[in-house]
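Here is a short report on helix packing and charged pairs. Look at the model first, then read on.

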Amino acid sequence: MNSFPVLHFLLLLLGLQAPQVQGRSLLTYPPQQNFKMISEIIDILNSSPSPAEETLDPNETNTLLNTTLLRPNLNAFLNATKYFYSNESLIWKNLKEFLPLLPTPTPMGEPISIGNNWSDFQKKLKKYLETLDNFLNFKNNH
């Protein structure tokens, strides 16, 4: 029996499936791993003394909740981490792990601005992690 037609059929099936996986990350973590990495960051943020909880400006909150800005905001937090930690810190390492999991849509607005101020970094990162967690949970459930 000749297996040549079977091979062509399999290649055809693979070719039809390829466009469906383009743009999707091959690197995924189970939801509990995402939660663990986020929890580790929050534990570090909560272990440092912080001033009385200030509320975020409504524009900053909208920027942090905007899912089209997930990746640009993550880049802003990765860059801001260097003010407080080295690139070997657990916060930086965990944040970096989320890059391949985020889409690269056209951003609708400017990413969050983070100064060299620990309390500003702390409160904005906490809000961002809530948004990131919600996004990853939604993505894993659908």
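A residue counts as buried under 20% relative accessible area, exposed over 50%, and partly exposed in between. Lys-36 has 44% relative accessibility, so Lys-36 is partly exposed. Glu-40, at 21%, also counts as partly exposed. This is a predicted model.

The side chains of Lys-36 and Glu-40 form a salt bridge, 2.9 Å from N to O. Both residues sit in helix H2 (residues 31-47), four residues apart, so about one helical turn separates them.

Side chains of opposite charge can pair when their charged atoms come close. The whole structure holds four salt bridges. In one of them, Glu-60 pairs with Lys-124, with the closest N and O atoms 2.9 Å apart. Glu-60 lies in helix H3 (residues 58-65) and Lys-124 in helix H6 (residues 118-141), so the pair ties together parts 64 residues apart in sequence. Glu-60 is partly exposed at 22%, whereas Lys-124 is buried at 2%. Asp-120 joins Glu-60 and Lys-124 in a network of salt bridges.

Glu-130 and Lys-127 form a salt bridge too, at 3.5 Å between the closest N and O atoms. They are three residues apart in H6, so about one helical turn lies between them.

## How H4 meets H5

The axes of helix H4 (residues 70-81) and helix H5 (residues 90-98) come within 10 Å and cross at roughly 160°. An angle over 145 degrees counts as roughly antiparallel, and H4 and H5 are therefore roughly antiparallel. The crossing is left-handed.

Which residues of H4 meet H5? They are Leu-74, Phe-77, Leu-78 and Thr-81. Their partners in H5 include Trp-92 and Leu-95. By class, the contact has seven nonpolar residues, one polar and one charged.

Notes: Residues are numbered from 1 along each chain as its sequence is written. This is a predicted model: local features need pLDDT of at least 70, side-chain atom pairs count only at pLDDT 80 or more; totals for chains, interfaces and linings use all residues. Side-chain values use heavy atoms; hydrogens and water are left out. Axes are lines fitted to C-alpha atoms, for helices over the stretch in contact, and angles run from 0 to 180 degrees between N-to-C directions. Helices (H or I, at least four residues) and strands (E, at least two) are DSSP runs, numbered from the N terminus. Angles under 35 degrees count as roughly parallel, over 145 as roughly antiparallel, 65 to 115 as roughly perpendicular and the rest as oblique. A crossing is left-handed if the near helix is turned anticlockwise from the far one by less than a right angle, and right-handed if clockwise. Contact means heavy atoms within 4.5 Å. Ala, Val, Leu, Ile, Met, Phe, Trp, Tyr, Cys and Pro count as nonpolar, Asp, Glu, Lys and Arg as charged, and the others, Gly among them, as polar. Buried means under 20% relative accessible area, exposed over 50%, partly exposed in between (1.4 Å probe, protein chains only).
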